[in-house]
Amino acid sequence: DDPLSAVHGAQVLAIATEWPLYRDLLSDQLVVNNGVGFIVLDANRFMPSLGLMAGIRYVAVGTPDRLD
């Protein structure tokens, strides 16, 4: 019923919507629920702050391999 339970145990999250509910996801919870190396595919760069989180590989159109 909630976004975090839907992604629990996944290796990859594809963000295909810009609904505010998803922006409020806590990135540290994504790592805790899915482990280090979790991949986020964000075609519209809706949640670029995830690219700065340790343990998350953030992939988006028009962004470098690493966000430092």
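**Notebook: contacts, sheet and core**

I began with contacts (heavy atoms within 4.5 Å): of those in the protein chain between residues at least 6 apart in sequence, 47% join residues at least 24 apart. The model is predicted, so I note that local features need pLDDT of at least 70 and side-chain atom pairs count only at pLDDT 80 or more, while totals for chains, interfaces and linings use all residues. Residues are numbered from 1 along each chain as its sequence is written, and side-chain values use heavy atoms, with hydrogens and water left out.

**Entry: elements**

I found 3 helices and 3 strands in the protein chain, where helices (H or I, at least four residues) and strands (E, at least two) are DSSP runs numbered from the N terminus. Their order from the N terminus is α-β-α-α-β-β.

**Entry: sheet**

I traced an open sheet of 3 strands in the order β1-β2-β3, with parallel pairing; two strands pair if DSSP finds at least two bridges between them. β1 (12-15) and β3 (56-59) are the edge strands, each pairing on one side only. On average, neighbouring strands of this sheet are turned by 15 degrees against each other, direction ignored; the axes are lines fitted to C-alpha atoms, and angles run from 0 to 180 degrees between N-to-C directions. I counted 4 bridges in the parallel pairing of β2 (residues 38-42) with β3. Leu41 has Val59 as its bridge partner in β3.

**Entry: core**

I looked up burial next (buried is under 20% relative accessible area, exposed over 50%, partly exposed in between, with a 1.4 Å probe and protein chains only). Of the 68 residues in the protein chain, 29% are buried. A nonpolar core is a set of buried Ala, Val, Leu, Ile, Met, Phe, Trp, Tyr and Cys residues joined through side-chain atoms within 4.5 Å. The largest one has 13 residues, and those touching the most other members are Leu13, Ile15, Leu30, Phe38, Val40 and Leu50. α1 (3-7), β1, β2 and β3 each give two or more residues to this core.

**Entry: Phe38**

Phe38 lies in β2 and counts as buried because its relative accessibility is 1%. Beyond four places in sequence, I see Phe38 in contact with residues including Val7, Leu13, Leu30 and Ile56. Phe38 and Arg57 are 19 residues apart in sequence, with C-alpha atoms 6.1 Å apart.

**Entry: Asp42**

Asp42 is also placed in β2. I found Asp42 buried without a salt bridge, which is a side-chain nitrogen of Lys or Arg within 4 Å of a carboxyl oxygen of Asp or Glu. The nearest side chain of opposite charge is Arg45, 7.7 Å away; Lys and Arg count as positive, Asp and Glu as negative, and His and the chain ends are not counted. Residues up to four places away aside, Asp42 touches Ile15, Met47, Pro48, Tyr58, Val59, Ala60 and Val61.
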